[in-house]
Amino acid sequence: VFVTWCEAASKFPAGFQFGSATSSYQVEGAWNASDKSPSIWDVFVHEHPSAIADHSNGDVACDSYHLWKKDIALARSLGLNFYRFSIAWPRLLPEGFSNNVSKDGTTYYNNLINGLLSVGIEPVVTLYHWDLPQNLQDLGGWTNIEIVNWFQEYARVAFTLFGDRVKTWVTINEPTSFCNVGYGTGILAPGVVSPGIGEYLCAKNALLSHAKAYRLYEKEFRDKYKGQVGLTNQFVWYEAKNPGQEQNAQLARDLGELYTFPIFSNIGGWPPNIEFIIAKNSRAENYSSSRLPALTEEEINLVKGSADFFGVNYYTSRLVEEACHHEQILVWPLFGSRELGLVFSYDSTWLPRYDWIASYPPGIRRLMKSLTERYGNIEIKIFENGFGMSDPSLNDTRRVQYIRDHLEQVFLSITEDGVNVTAYTAWALIDNFEWNSGYKSRFGIVHVDYNDPKLKRTPRASAYYYADVIKKREV
Ligand code: PNW
């Protein structure tokens with residue numbers, strides 16, 4: 001009996017699910033196939049090739065638009081419980097609006113969904129992973145409040161077409177990333193440079209868009225389809241660099257919870273201290289109102305409780321200290337926050353390290369514990385965790401170590417902290433177009449040979465390691 005108990009105690013609980021992920025622009029290619037219209041990424045990379053490290057683009061990427069059967073076969077060979085991918089909005093709705101639904105776009109996603117289901121893999125579908133139709137950007141994109149309706153209608157089309165088979169929907173991937181970096185620093189598409197203004201218009205509109213899609217599902221689809229809808233955001237775990245600086249670390253976490261607090265707190269709305277600080281900064285800069293747009297009572301209630309689970313994308317942690325020169329341009333969320341007057345760093349012992357990722361496995365556990373303490377026993381799904389490498393080799397020892405170390409912490413979150421985490425996702429299933437880093441940064445547990453016209457996929461050591469974890473259900 002004791003042996004059995006020990007064995008059971010080392011296994012992930014029965015309902016826990018293991019998956020892997022990609023996103024449309026990063027893998028699909030076929031940027032102008034059939035009636036697909038250009039997304040903000042198509043336009044951004046074509047107009048600013050130098051914004052991408054190797055001057056590459058996603059025109060072809062992994063050609064998953066044509067090679068989806070290969071991707072499904074890989075997912076199957078690894079024994080994945082689910083595969084998380086995203087729908088390219090301009091592929092499904094070439095005009096961006098719901099008046100015209102692409103037949104070929106519909107067929108492509110039906111094939112992918114049906115193919116996964118036929119081999120017992122759950123499709124987890126993200127509606128927005130950064131590839132906005134360019135014609136909606138021409139109208140202001142995420143800074144135009146009308147996007148809330150455009151997004152809701154897009155969600156309605158997707159729920160209607162695929163909701164009978166898709167039971168886990170992610171509305172929006174990482175608003176922190178595309179709002180701050182797409183409409184703040186302008187490094188990501190659409191390249192709008194408007195720190196402190198555009199990024200917050202985007203934040204409010206993304207939050208409301210998510211909530212409207214959630215309410216739509218709740219009202220018109222839930223009874224019939226019984227699925228779950230949530231949002232996923234990226235998190236950096238912040239710790240004080242020096243003793244006595246805990247309140248600064250907490251402030252950084254509060255800004256990181258810009259999309260968590262409004263959904264999961266009892267009072268709803270923006271995190272109060274963040275709202276206060278931005279209003280204060282705005283006054284000091286002579287603005288007549290806060291740069292962070294207010295939420296009305298009605299909006300607060302729309303957003304509050306609008307998620308069946310919370311998606312967490314976690315890669316790295318940072319140490320927090322006060323900035324000596326407040327005028328320094330510090331880039332949230334990895335380098336610092338001008339708004340909060342804080343600078344971030346990492347410890348040299350956090351290994352392995354790649355570019356902005358310094359591996360700090362306890363961070364994922366502390367993050368989930370902190371979210372659970374602040375918001376109650378919410379269901380957390382880790383929808384991204386992974387390690388990049390410039391070395392294309394199949395023997396990716398550092399990635400194996402990174403995934404193992406993080407899975408160990410996820411296990412402890414469940415067994416020691418009682419956190420309700422129900423899914424882990426290895427980013428990414430295959431090497432792909434890594435945004436500003438192009439193809440030089442490889443995140444795949446499966447290698448893609450970009451020199452091969454057939455874009456051959458070959459599992460790395462990390463894929464075999466992960467497949468073994470899934471099979472045994474233990475680290
Ligand atoms: C994610 N951070 O972005 C994206 O969702 C993926 O598309 C991307 O390929 C992956 O991470 C790897 O970069 C992130 O600052 C951007 O912690 C920034 C952070 C995390 C994730």
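**Notebook: ring pairs, pockets and one serine**

I counted the aromatic pairs and came to 48. The model I am reading is a predicted one.

I then checked burial. Phe159 has 0% relative accessibility, so I list Phe159 as buried. Tyr217 is also at 0% and therefore counts as buried.

Next I took Phe309 and Phe383. Their ring centres are 5.8 Å apart and the planes stand at 85°, so I noted the pair as edge-to-face. Here too distant parts of the chain are linked: Phe309 is in the loop between helix 15 (297–303) and strand 6, Phe383 is in strand 11 (residues 380–384), and 74 residues separate them. Phe309 is buried, at a relative accessible area of 0%. Phe383 comes out at 1% and counts as buried, because the cut-off is under 20%.

I also searched for charges over rings. Lys381 lies over the face of Phe309, 5.3 Å from the ring centre. The charged end of Arg91 sits over the ring of Tyr108, at 6.0 Å from its centre.

I turned to the pockets. The largest pocket holds about 810 Å³ of space. I found 35 residues in its lining, with Ser177, Val181, Leu334, Trp356 and Glu434 nearest the centre. Helix 9 (175–182), strand 5 (228–240), strand 6 (310–322) and strand 8 (342–345) each give at least two residues to this lining. Strand 6 gives the most, four residues. I sorted the lining by class and got 18 nonpolar, twelve polar and five charged residues.

The second largest pocket has a volume of about 500 Å³. I noted 25 lining residues, and Pro195, Gly196, Glu199, Arg338 and Glu339 lie nearest its centre. Helix 9, helix 10 (198–220) and strand 7 (336–337) are the elements that supply two or more residues to the lining. This lining divides into twelve nonpolar, eight polar and five charged residues.

Last, I looked up Ser413. I placed Ser413 in helix 17 (residues 397–415). Ser413 has 0% relative accessibility and so counts as buried. Leaving aside neighbours within four places in sequence, I found Ser413 in contact with Arg365, Met368, Gly418, Val419 and Val421.

Technical notes: Residues are numbered from 1 along each chain as its sequence is written. This is a predicted model: local features need pLDDT of at least 70, side-chain atom pairs count only at pLDDT 80 or more; totals for chains, interfaces and linings use all residues. Side-chain values use heavy atoms; hydrogens and water are left out. On a 1 Å grid over the protein atoms alone, a cavity is a set of points where a 1.4 Å probe fits but cannot get out, and a pocket is an open set with protein on both sides within 12 Å along at least five of seven lines; lining residues have an atom within 4 Å of a point. Grid points are joined across faces, edges and corners, and a volume is the space filled by probe spheres set on the points. Ala, Val, Leu, Ile, Met, Phe, Trp, Tyr, Cys and Pro count as nonpolar, Asp, Glu, Lys and Arg as charged, and the others, Gly among them, as polar. Buried means under 20% relative accessible area, exposed over 50%, partly exposed in between (1.4 Å probe, protein chains only). Contact means heavy atoms within 4.5 Å. Rings of Phe, Tyr and Trp (its six-membered ring) pair if their centres lie within 6.5 Å; planes under 30 degrees apart count as stacked, over 60 as edge-to-face and the rest as tilted. A charge sits over a ring if NZ of Lys or CZ of Arg is within 6 Å of the ring centre and within 35 degrees of the ring normal.
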